[in-house]
Amino acid sequence: MKTKRKSRYRDFRDYVIISIAMLMGSVGLVLFFLPNEITTGGITGVASILYWGFQIPVSLTFFVMNAVLMMFALRILGWKFCVKTIYAVVLFTVITSLLQYYVGDLHLLADQKFMALIVGSAFLGTSVGLGLSSGGSTGGSDVIAAMVHKYKDVSLGHIILFCDLIIITSSYLVLKDWEKVLYGYCFLFICSFCVDQVVNTMRRSVQFFIISDKYDVIGKAINEFVPRGCTVFDGHGFYSGKKIQALFVIAKKSESNMIFHLIDDIDPDAFVSQSSVIGVFGEGFDQFRARSKQRKQEEKEFIRRALEESEAAKGETGGAA
């Protein structure tokens with residue numbers, strides 16, 4: 001029951017974050033990129049080019065192209081991967097359509113195009129980062145990359161970058177201005193930087209080493225109120241020669257203050273070491289990334305041979321003894 005509540009809370013939180021992300025992405029596109037004729041990558045970029053060239057609404061092109069992609073993605077990637085992406089696509093379409101209708105020809109930073117590029121890229125990059133951190137996506141090249149990656153061991157980043165470069169370069173056919181195309185290339189770098197910053201911040205974790213005579217009370221408090229698991233290490237102080245117990249705890253960055261308060265309330269004299277962690281996988285943290293079937297088979301075969309060789313080596317050593 002408790003696990004179900006946690007799962008529901010995580011799903012609710014993810015959908016709230018995706019909603020905020022799509023709002024930010026729509027603002028960046030409608031208020032900063034479209035009026036300044038700055039091209040983005042992915043389906044958003046294709047929709048922008050068709051809007052400038054043929055006055056086809058961005059929201060219409062975005063929705064139709066993503067709908068076609070989703071039909072293929074559902075067959076290849078499954079419903080679980082696509083449900084949040086479908087929600088994000090529909091919401092982005094609705095918000096973009098409403099903004100274009102109500103905002104009209106509002107042209108922010110009309111005489112400061114580079115500043116419009118910076119601000120718009122920050123909005124769109126943050127939007128993509130928040131969406132990815134919550135298991136969602138705005139579709140487009142992200143979905144194409146995921147489908148290709150399922151059958152070919154190719155970098156997702158390389159696929160997305162290749163698609164975006166083609167789209168941004170093709171905008172010259174409509175804009176007839178290489179300067180505007182260069183702004184699009186700049187968008188790729190700024191947006192990718194923002195995506196990395198947001199994703200790393202959302203997934204940032206910390207680890208604690210806690211040495212205290214009241215380690216058992218601290219461990220129980222962390223289990224109960226954070227809640228996070230703890231591991232106890234036995235050791236001894238080199239100078240004092242005393243036996244000690246150290247707690248090892250990994251938690252989200254947002255939970256570190258609560259852990260410090262618990263330690264301070266229980267044992268103000270405890271010795272505590274905190275450090276940042278670049279990646280934590282397992283229960284309560286990120287899941288291990290899926291690998292291709294061929295890669296899995298190769299790894300299993302390698303491990304099987306290694307175990308057989310290890311057992312054979314042990315047998316020979318035992319016989320020699």
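Tutor: Two strands pair if DSSP finds at least two bridges between them. Keep in mind that this is a predicted model.

Student: How many bridges join strand E2 to E3, and in which sense do the two strands pair?

Tutor: Strand E2, residues 230-236, and E3 pair over 7 bridges in the antiparallel sense. The two strands form a hairpin, with 6 residues between them. In the turn, Gly241 has a positive phi of about 75°.

Student: Which strand is E1 joined to?

Tutor: Strand E1 (residues 205-211) is joined to strand E3 (residues 243-252) by 7 bridges, and these strands run antiparallel.

Student: Which residue of E3 is the bridge partner of Phe208, and which is the partner of Cys230?

Tutor: For Phe208 the partner in E3 is Val249. For Cys230 the bridge partner in E3 is Val249 as well.

Student: Let us turn to charged side chains. What can side chains of opposite charge do?

Tutor: They can pair when their charged atoms come close. In this model the count comes to 3 salt bridges.

Student: Which residues form a network of salt bridges?

Tutor: The network links Arg13, Asp14 and Lys84. Asp14 and Arg13 form a salt bridge in which the closest N and O atoms are 3.8 Å apart. Asp14 also meets Lys84 through their side chains, at 2.7 Å from N to O. This second pair links distant parts of the chain, 70 residues apart: Asp14 is in helix H1 (residues 2-33) and Lys84 is in helix H4.

Student: Are Asp14 and Arg13 buried or partly exposed, and why?

Tutor: Buried means under 20% relative accessible area, exposed over 50%, and partly exposed in between. Asp14 counts as buried because its relative accessibility is 10%. Arg13 has a relative accessible area of 36%, so Arg13 is partly exposed. Lys84 is buried, as is Asp14.

Student: Which residue forms a salt bridge with Arg228?

Tutor: Arg228 pairs with Glu255, and their closest N and O atoms are 2.9 Å apart. Arg228 lies in the loop between helix H10 (215-225) and E2, while Glu255 lies in the loop between E3 and helix H11 (256-266), so the pair ties together parts that are 27 residues apart in sequence. Arg228 counts as buried because its relative accessibility is 13%. Glu255 is buried too, with a relative accessible area of 16%.

Student: Next, the surface. Which residues make the nonpolar surface patch?

Tutor: The patch covers about 1100 Å², and among its residues are Leu60, Phe63, Val64, Met71, Val90, Leu98 and Tyr102. Helix H3 (58-77) and H4 each supply at least two of the patch residues. H3 gives the largest share, 6 residues.

Student: Where is Val90, and is Val90 buried or partly exposed?

Tutor: Val90 has its place in helix H4. With a relative accessible area of 37%, Val90 is partly exposed.

Student: Where is Thr93, and is Thr93 buried or exposed?

Tutor: Thr93 is in helix H4, which spans residues 79-103. Thr93 counts as buried because its relative accessibility is 12%.

Student: What does Thr93 touch, not counting residues up to four places away in sequence?

Tutor: On that count Thr93 touches Ser59, Phe62 and Phe63. A polar atom of the Thr93 side chain also lies 2.7 Å from the backbone oxygen of Val89.

Terms used: Residues are numbered from 1 along each chain as its sequence is written. This is a predicted model: local features need pLDDT of at least 70, side-chain atom pairs count only at pLDDT 80 or more; totals for chains, interfaces and linings use all residues. Side-chain values use heavy atoms; hydrogens and water are left out. Helices (H or I, at least four residues) and strands (E, at least two) are DSSP runs, numbered from the N terminus. Buried means under 20% relative accessible area, exposed over 50%, partly exposed in between (1.4 Å probe, protein chains only). A polar contact is a pair of N or O atoms within 3.5 Å; within protein, one must be able to donate a hydrogen and the other to accept it, and residues adjacent in sequence count only if both atoms are side-chain atoms. Contact means heavy atoms within 4.5 Å. Patches are made of residues with over 30% relative accessible area and no salt bridge: like charges are joined within 9 Å, nonpolar side chains (Val, Leu, Ile, Met, Phe, Trp, Tyr) within 5 Å. Accessible areas come from the Shrake-Rupley method with a 1.4 Å probe; for residues, only the protein chains shown count as cover. A salt bridge is a side-chain nitrogen of Lys or Arg within 4 Å of a carboxyl oxygen of Asp or Glu.
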